[in-house]
Amino acid sequence: MANLQLQDPFSVLKEYPEKLTQILVSPIYTCCIRFSPRGDYLAAGCSNGAIVIYDIDTAKPITMLGSEGGCHIRSVQSLSWSRCGRYLLSSGRDWWIKVWDLQSRSRPLKEHKFDSPIWECHWSSRAPWECISTVLEKSYAYVVDFVGEEAIVQELKSTLDNDDAESLDHGYTLVSCSHPRFSDLVLTGTSKGWFKIYQLRQDGVTLRHCSKFANSNTKHLVISQSGDRIAINSSDRTIRQFSLFISDDMEHINIEIEHKYQDVINKLQWNSIFFSNNSAEYLIASTHGSSAHDIYLWETSSGTLVRVLEGTEEELLDIDWNFYNMCIAANGIETGNIYIWSIVIPPKWSALAPDFEEVDENIEYKEKEDEFDESDVLEQQQELDEAEETEIDLRALEKFDVRGNDLTMKSFIIPIEYSDIVMLKMWDGAGAA
Amino acid sequence: MGCFRLEKLALVVPNSDILYTAAKISPDGRFIAIGEDANVLVHDLEKARTTTYPTAHTRPIANLTWSPDSQCIATACDDFTITITHLVYGELHRLTGHTAPVTALVYTPKGNLLCSCSVDESIKVWDTLEGRLLRTMSAHSESVVSIDIPTCDASVLASGSYDGLIRVFDTASGHCLKTLTYDKDWQSENGVVPISQVKFSVNGKYLLVASLDGIIKIWDYLQGRVVRTFRSGVSSTLKYSCGMDFLYPADPTKPPVVVTGTEDGHIYCWDAQDKTLYQELLATNDNSPLMCIDCREQYMCSLSLRGDCRLYKWVDDN
């Protein structure tokens, strides 16, 4: 985006936000939050089953999904945006997973009911309309394909699992995520501290890796954008960070522990975790317990705590980090409000005139040898003439922004619901009268 | 190469007591909206029918713009206010806050924000859902007469003012990011050269700028230098802010066209790459200034001060 090209590059290229800049007020308790792919909207799943979408530009809610029915009737557990930003996947404790088309959002586009509450559900990176879901007290995750009229559900289980199951109990599968580079790989974590990698293929599911990392519940599993680092948050109050190596033929998979993060003083659990972009130089986590109100930020290479994001007065639950607008969002457990930290770029006074320059201290003016030479004027004219002949491209769009984010995917614009504006106006008018 | 062919003549029957300043093609290409006193005339191109939308304005409409979804028309008025009118639901908002006539408007590509500029020297950003003022940018020292936001990038806003400055703002923070002036000697003996129109290229990397000395320039605003200069022959002090726009021929290998209007009712079309004059045509019967030029896909709508509104289509030569 052009504004980033005109701002101080050192501020623009900061790797993480530092300042609490926005609070999105929510009248309902929020359970989970997700930015749209380009970071211009934020979806919030609420404890009463509602899904509200906020516009980040105005910091106001713009729409609620399911105005004509079909929304969740218990708390929303997870949200996932499709890459194009048009379809939103939600899962709830009411046993349903639903696909919403934001073009016409008064009813869900597609839905499927499991026979117990859903832990989480996310779009798979392998195929459009395919998603991976984990369900309460089930040994395996599920692959749900929404491509047809009826959802096709398949257990994410290989023949190897069957043999293993007799000798070893791996517990229930609680979390999952897709590998960003190898789109047919799905990583899962279980209630007994097992980490597995499955490969999804036309001819079936293969278990590529299985190892035990702890003796407790897996709470979260995140993978870096580059796919070579993972972090697992488990209920033993520890976040474990691993390096992940996968050979191109997937024959060799190697995971090695890099760091363990614990709160040594308060001995708190971590509510949620998230990686920074690219190769995940940073890891952030929100803390459990009413006394802690901050987000911790560690450097993943050294494992040291580098920053604490402050400013809220309540415990924080879910977190999300968008790399287009470089904002971190987290929702409060008491009010349901959503807090947003962003990079604040100070105004540049030198921008107010073309020949202003910002200097740290006074500089005594000395005329340069050739500053007012006439020949220089000629040269300048030549330069101007040259600029008039160099080819210019008025059509081609930028492919990447200065932070390296892909701009080729057009972001979906949620249509404005004008009847809502009219209704609100009538409401206000009636109130005034 | 190519040229404009006349498609439709006299889209409105001009009222001789009224001065016309704004005509815009809707983003979906179905309608043309024309400001006529305090009313908006919407001409349906398919059905060849004109509907009148009255507004709450008490003075003539100076400028108007379509929302990106083609459902609403925002009008800037001499009575210091802005209205947003929906084609089906009628008036949605009346925005008050400017302290002098409002001169131009532009929507962000999402349609969630409307930006306005005014003779009161400020630029204001409004939330279109609630009709709420979000922020004011005051960095000019004369009337701000033209603003634009690229259709592909809502992060920047360009403004042109009678103080002779072109400024680029950050839409989200309201900070000024860059200032462009007419060369170094922007303050000549006759005072500054007022800027009359600004328009981004479709990729948001260049800025087309017209000034009241009759010169049109393309700026590389990131580098802060002029990359093309066009002179329409009559280089003098102009009185009217005549329209101009870019047109992008359907064939992507053909260079874009710079289309500008003049005070005597002519339209000039230049090759934006090598600056050759493609075409010069008379677009009015009354020789009044061409106040508005609006290009959308292959179509161009022109409007003269006396209300002669025409639709042209660009035809590529083979």
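UniProt, in an unreviewed entry, lists "repeat: WD" for residues 95–136, 137–179 and 195–229 of chain B. The structure you are looking at is a predicted model, so take this as a guided walk through a prediction.

- Strand S11 (residues 113–118) and strand S12 (residues 122–127) of chain B pair in the antiparallel sense, over five bridges.
- Within this pairing, Leu113(B) has Asp127(B) in S12(B) as its bridge partner.
- Three residues sit between the strands in the hairpin of S11(B) and S12(B), where Glu121(B) takes a positive phi near 75°.
- S12(B) also runs antiparallel to strand S13 (residues 132–138) of chain B, and six bridges join the two.
- Here Ile123(B) is partnered by Met137(B) in S13(B).
- The hairpin of S12(B) and S13(B) has four residues between its strands, and Gly131(B) takes a positive phi near 70° there.
- As a reminder, strands of a sheet pair through backbone hydrogen bonds, either parallel or antiparallel.

**An open sheet in chain B**

- Four strands of chain B form an open sheet in the order S1-S30-S29-S28, with antiparallel pairing.
- Which strands are at the edges? They are strand S1 (2–8) and strand S28 (290–296) of chain B, each of which pairs on one side only.
- From one strand to the next, the twist averages 25°.
- Inside this order, strand S29 (residues 299–304) and strand S30 (residues 309–316) of chain B pair in the antiparallel sense over five bridges.
- Cys301(B) stands opposite Leu311(B) in S30(B).

**The nonpolar cores**

- The largest nonpolar core has 102 residues, and the members that touch the most others are Cys115(B), Ile147(B), Leu207(B) and Val259(B).
- Leaving aside residues up to four places away in sequence, Leu207(B) touches Ala158(B), Ile166(B), Val198(B), Phe200(B), Trp219(B) and Tyr221(B).
- Another core, of 93 residues, lies apart from that one and includes Trp119(A), Ile230(A), Tyr261(A) and Trp341(A).

**A closer look at Leu88 of chain A**

- Leu88(A) lies in strand S7 (residues 87–92) of chain A.
- Is Leu88(A) buried or exposed? Leu88(A) counts as buried because 26 other C-beta atoms lie within 10 Å, and the cut-off for buried is 20 or more.
- Not counting residues up to four places away in sequence, Leu88(A) touches Ala43(A), Leu79(A), Trp81(A), Trp100(A) and Leu102(A).
- Leu88(A) and Arg403(A) are 315 residues apart in sequence, and their C-alpha atoms are 26 Å apart in space.

**Where the two chains touch**

- Chain A gives 32 residues to the contact and chain B gives 46 residues.
- On the side of chain A that touches chain B, the elements that give two or more residues are helix H1 (2–6), strand S5 (60–64), helix H4 (374–389) and helix H5 (418–432) of chain A.
- H1(A) provides the largest share of that side, four residues.
- Sorted by class, that side of chain A has 20 nonpolar, five polar and seven charged residues.

Technical notes:
Residues are numbered from 1 along each chain as its sequence is written. Chains are lettered from A and ligands numbered from 1 in the order in which they are written. This is a predicted model: local features need pLDDT of at least 70, side-chain atom pairs count only at pLDDT 80 or more; totals for chains, interfaces and linings use all residues. UniProt positions are given in the numbering used here, feature names are shortened, and annotations may be inferred rather than shown by experiment. Two residues are in contact if their C-beta atoms, placed from the backbone, lie within 7 Å. Ala, Val, Leu, Ile, Met, Phe, Trp, Tyr, Cys and Pro count as nonpolar, Asp, Glu, Lys and Arg as charged, and the others, Gly among them, as polar. Two strands pair if DSSP finds at least two bridges between them. Axes are lines fitted to C-alpha atoms, for helices over the stretch in contact, and angles run from 0 to 180 degrees between N-to-C directions. A nonpolar core is a set of buried Ala, Val, Leu, Ile, Met, Phe, Trp, Tyr and Cys residues joined through C-beta atoms within 7 Å. A residue is buried if 20 or more other C-beta atoms lie within 10 Å of its own, exposed if 12 or fewer, and partly exposed in between; C-beta atoms are placed from the backbone.
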